[in-house]
Amino acid sequence: MKRLAASRLRRTAIASLSLFLAACGGNGDSQEATSHTIRGTLSGLDSGLSIKLLDNGTDTLTLTANGSFSFATPVATNNAYAVTVGTQPLWQNCSVTNGSGTATANVTNVAISCAFPSALVVTWAGSTTSGSTNGTGTAASFNAPTHLALDASGNIYVGDWGNSVIRKITPGGVVSILAGTAGVTGSANGAGAAATFNKPEGVAVDASGNVYVGDRFNNEIRVITPAGVVSTLAGSTTAGSANGTGTAASFNWPSGVAVDTSGNVYVADAFNNEIRKITPAGVVSTLAGSTTSGSTDGTGSAASFKNPYGVALDASGNVYVADTFNNEIRKITPAGVVSTLAGSTTSGSADGTGSAASFNHPYDVALDASGNLYVADGDNNEIRKITPAGVVSTLAGSTTAGSADGTGTAASFNLPFGVAARSNGFVYVGDANNNEIRVITPAP
């Protein structure tokens, strides 16, 4: 009898426990009787990027991949939940569906969807008529503007190749000559108009506002102070490939330049097929490549390039290279290890990942705050975008040359040669054959 009574008590206890679990949601977590989890799904996020979500403005969740997600902090029964996008990658528009309501049970249907916005192209300065006029916006004129650089105050610096001067554009679009005299070539150091250049191309700005110039036909790297005083950092007017200090070093058509936070300058030494490095003291060394052209990945001089024209730096010290005549975008680690990020030696205009994508003479590269790389794909007349995972898409333009403002492929360029990216996602383009500076923004 005692055994039978114990068995009945055990069955009664099990039945009571089952009813309790059912009331709690069936998983044995007593917390869910008074609070509920907020869950959902993320889709459309570009590979290699991240998005930050908020629930009720405080509970933060950072996602780096598409798929299901769950906030860590449950919401009390009958309390409100409100899922919003805190921060999203540049050039991704992310929206929330089923993001708010009252928590009466576990929420599982929140949907975050990210999409690539349209790119709106407008002309920021210059017109299709070449010239050297200072002025505001389209009242100013350029002669084959090439590479661009941005400073912390929002000023744009332009290698005005055909005029042999360095131009400055204020955030309000006012264009002036920072150094050099339009139409006068030479290699003289000095202040403002007393200095001369010979087809300057690459420009970069350091944290102090100094502008570094790849003075192409002079085979020199020049420096311009914020006051407009020009000096020669390295190289001489004699072409060569020698490492050394100052004028003892030599270059052969140096094109794009970039500067790191320590003041080291990186140079796309186009006709030497090398990427050079210059210390603040003017000591020049070869980071990667040799004077023999090729497309080999490897370390230091074991790697090869074919007329690289553009360089950009990320926060980790990696150098990205527009390997122009290989139709590739290359990456160099601080240790000098070279790999191919996207493209192949075959020219084309295909979007895709890595070597499945193709370019046609990419002349310059620039990075944004999310790690996206932008490419001035010159002979395709397009601006391309590469995610950190190597996924290539066309931001604006088409393979047809033109000067039309507009959205996406409705806009047109004519030999876009330089590109620069601002932290807010704006992309500026040196549209060489249009003699214009264009700006690309996410369309509203």
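**Close-up views of the predicted model**

**View 1. Contact between domain 1 and domain 2.** In this predicted model, 7 residues of domain 1 touch 18 residues of domain 2. The domain assignment places domain 1 at residues 37–115 and domain 2 at residues 119–442. Their C-alpha centres are separated by 39 Å. About 860 Å² is buried between domain 1 and domain 2, and carbon and sulfur atoms account for 68% of that area. The size of an interface is often expressed in this way, as the accessible area lost when the parts come together.

**View 2. Polar and charged pairs across the domain interface.** Between domain 1 and domain 2 there is 1 salt bridge by the rule applied. Asp 46 and Lys 385 form a salt bridge, with 3.2 Å between the closest N and O atoms. The interface of domain 1 and domain 2 also has 4 residue pairs in polar contact, with both residues of a pair at pLDDT 80 or more.

**View 3. The open sheet that contains strands S11 and S40.** The sheet has 5 strands in the order S37-S11-S40-S39-S38, and their pairing is antiparallel. At its edges are strand S37 (406–407) and strand S38 (416–421), each of which pairs on one side only. Strand S11, residues 119–126, is joined to strand S40, residues 436–442, by 7 bridges in the antiparallel sense. Within this pair, Thr 123 has Arg 438 of S40 as its bridge partner.

**View 4. The open sheet that contains strands S24 and S25.** Here 5 strands follow the order S22-S26-S25-S24-S23, again with antiparallel pairing. Strand S22 (244–245) and strand S23 (254–259) are the edge strands; each has a single partner strand, so one side of each has no neighbour in the sheet. Strand S24 (residues 265–269) and strand S25 (residues 274–278) run antiparallel and share 5 bridges. Asp 269 lies opposite Glu 274 in S25. In general, the strands of a sheet pair through backbone hydrogen bonds.

View 5. For residues 251–281, the content is 52% strand and 0% helix, with 17 Å between the end C-alpha atoms.

How values were computed. Residues are numbered from 1 along each chain as its sequence is written. This is a predicted model: local features need pLDDT of at least 70, side-chain atom pairs count only at pLDDT 80 or more; totals for chains, interfaces and linings use all residues. Side-chain values use heavy atoms; hydrogens and water are left out. Two strands pair if DSSP finds at least two bridges between them. Helices (H or I, at least four residues) and strands (E, at least two) are DSSP runs, numbered from the N terminus. Domain bounds come from an automatic or database domain assignment. Contact means heavy atoms within 4.5 Å. Buried area is the accessible area (1.4 Å probe) that two parts lose on being put together, summed over both. A salt bridge is a side-chain nitrogen of Lys or Arg within 4 Å of a carboxyl oxygen of Asp or Glu. A polar contact is a pair of N or O atoms within 3.5 Å; within protein, one must be able to donate a hydrogen and the other to accept it, and residues adjacent in sequence count only if both atoms are side-chain atoms.
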